[in-house]
Amino acid sequence: MGAHRPRTVVSHHGEDLAFDDVPHGGHYTLADLAEIAAYARARAVVVVPEIDVPGHASAVLAAYPALASRPGERYRVLDRWGISPAILSPLPATVDFLLTVFGEIAGALGEAPYFHIGGDECVLDDWAASAEISAYGASLGLESAGDLHAWFLRRLADALAERGSRAVVWDEAFVSGGLRPDTIVMPWRGEHVARRAAAAGHDVVATPVFPMYFDYAEAASAEEPTGLGDAITVADVAAFEPAPASWPPEARARVIGTQFQLWSEHIPDGRTLDYRAWPRGCAAAEVAWTGGPAASEDFARRLGGHLGRLDAIGVEYRPLSGPRPWQRGGGRRRHRPGVVTVQEVMRHLHELSLSADSTRPSM
């Protein structure tokens with residue numbers, strides 16, 4: 001029930017809602033996960049599962065409405081992008097359910113040294129409005145829904161630790177407080193919150209929207225396939241410094257890696273996925289291996305040679321000079337340049353990361 005949505009939104013932000021009315025979905029079996037993990041291990045890759053809770057969980061709510069913060073309501077898998085105010089409850093039944101799911105996934109993978117539990121973009125209004133949830137929080141000695149959010153994620157992280165996994169969270173969970181000391185933080189809202197997490201003693205994987213969100217277009221041009229905003233270029237990625245030299249040495253030592261994100265809301269097929277990922281992903285790999293930045297003549301020379309390898313194996317990457325004729329956006333999937341700029345987004349996200357009410361949706 002949670003694996004399919006009946007339709008998908010095709011209108012842009014700010015337009016009247018329009019849908020394609022084409023069902024979309026699919027799922028992995030535990031056997032699929034075992035096969036994926038074995039394939040990865042043979043190539044020295046560790047699969048890190050992410051089950052994002054308590055928000056971004058419409059699939060769970062559609063299948064198990066009793067785990068919602070509003071019992072008795074029926075839920076559907078979201079058919080549009082964005083954030084839903086419907087979230088999982090933090091009550092024991094939800095925790096038990098999630099720990100069962102976590103155990104099944106970890107068992108299928110064979111090992112799960114890291115397990116991402118999300119914690120981002122949660123609207124906690126239903127928790128605050130629920131007499132049962134408020135009473136439960138009070139019984140734990142917690143004063144607010146935000147405190148309960150922190151407790152909920154800590155409870156899951158403690159259980160994962162007992163099974164040999166380190167929890168990974170997005171930076172809202174850090175701002176909420178109460179994390180296990182060994183929890184890894186992915187600060188997506190920028191360098192400032194990353195530095196705060198590192199200074200607090202958490203290992204950090206640098207994941208800022210700029211320049212590591214590859215669902216943003218590579219140019220402010222209508223020739224690009226539609227993206228969340230613009231623009232993040234190969235040069236932007238290559239210039240990234242995950243652990244800035246201006247940080248204290250002890251904070252820099254806490255940055256254990258970086259990651260680029262490629263959210264697929266606006267990606268209709270594998271060819272578009274290739275286009276978004278490469279060659280920006282090549283620059284991200286260079287930064288990750290060297291500690292960055294990779295903005296050098298040597299990198300540019302080697303990247304030119306590497307594109308030939310991508311050609312040879314059929315990767316539909318974006319040429320450095322711009323999209324090929326068949327890669328240009330069209331119809332509703334054509335990019336709208338200048339509507340959302342990454343610089344304005346980063347300014348807004350930084351402001352939100354300073355708020356004590358940091359779990360609320362950031363976009």
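## Two terms to start with

Contact means that heavy atoms lie within 4.5 Å of each other. A residue is called buried when its relative accessible area is under 20%. With those in hand, let's look around this structure, which is a predicted model.

## Helix H3 and what covers it

Helix H3 covers residues 92–109. Its 18 residues should span 26 Å at 1.5 Å a residue, and because the end C-alpha atoms are 26 Å apart, the model agrees with that expectation.

Which residues of H3 are buried? They are Thr-94, Val-95, Phe-97, Leu-98, Leu-99, Phe-102, Ile-105, Ala-108 and Leu-109. The cover over these buried residues includes helix H1 (30–41), strand E3 (50–53), helix H2 (58–63), strand E4 (114–118) and helix H6. After H3 comes Gly-110, with a positive phi near 90°.

## Helix H6

Helix H6, part of the cover over H3's buried residues, runs through residues 145–162.

The buried residues of H6 are Ala-145, Leu-148, His-149, Ala-150, Phe-152, Leu-153, Leu-156, Ala-157, Ala-159 and Leu-160. Just after this helix, look for Gly-164, which takes a positive phi of about 90°.

## A closer look at Thr-258

Thr-258 sits in strand E8, made of residues 255–258. Is Thr-258 buried or exposed? Its relative accessible area is 17%, and the cut-off for buried is under 20%, so Thr-258 counts as buried.

What does Thr-258 touch? Leaving aside residues up to four places away in sequence, its contacts are Val-205, Ala-206, Met-212, Phe-240, Pro-242, Ala-284 and Ala-288. With Ala-206 there is also a polar pair: a polar atom of the Thr-258 side chain lies 2.8 Å from the backbone oxygen of Ala-206.

## The second largest pocket

Two or more lining residues come from each of helix H8 (191–199), strand E7 (204–206), helix H9 (209–212) and helix H15 (342–353).

Which element gives the most to the lining? That is H8, with three residues. Sorted by class, the lining has 13 nonpolar residues, three polar ones and three charged ones.

How values were computed:
Residues numbered from 1 in each chain as written. Predicted model: local features only at pLDDT ≥ 70, side-chain atom pairs only at ≥ 80, totals over all residues. Heavy atoms only, no water. Helix = DSSP H or I, 4+ residues; strand = E, 2+ residues; numbered from the N terminus. Nonpolar A, V, L, I, M, F, W, Y, C, P; charged D, E, K, R; others polar. Expected span 1.5 Å × (residues − 1). Buried < 20%, exposed > 50% of the residue type's maximum accessible area, 1.4 Å probe, protein only. Polar contact = N/O pair within 3.5 Å; in protein donor to acceptor, adjacent residues only side chain to side chain.
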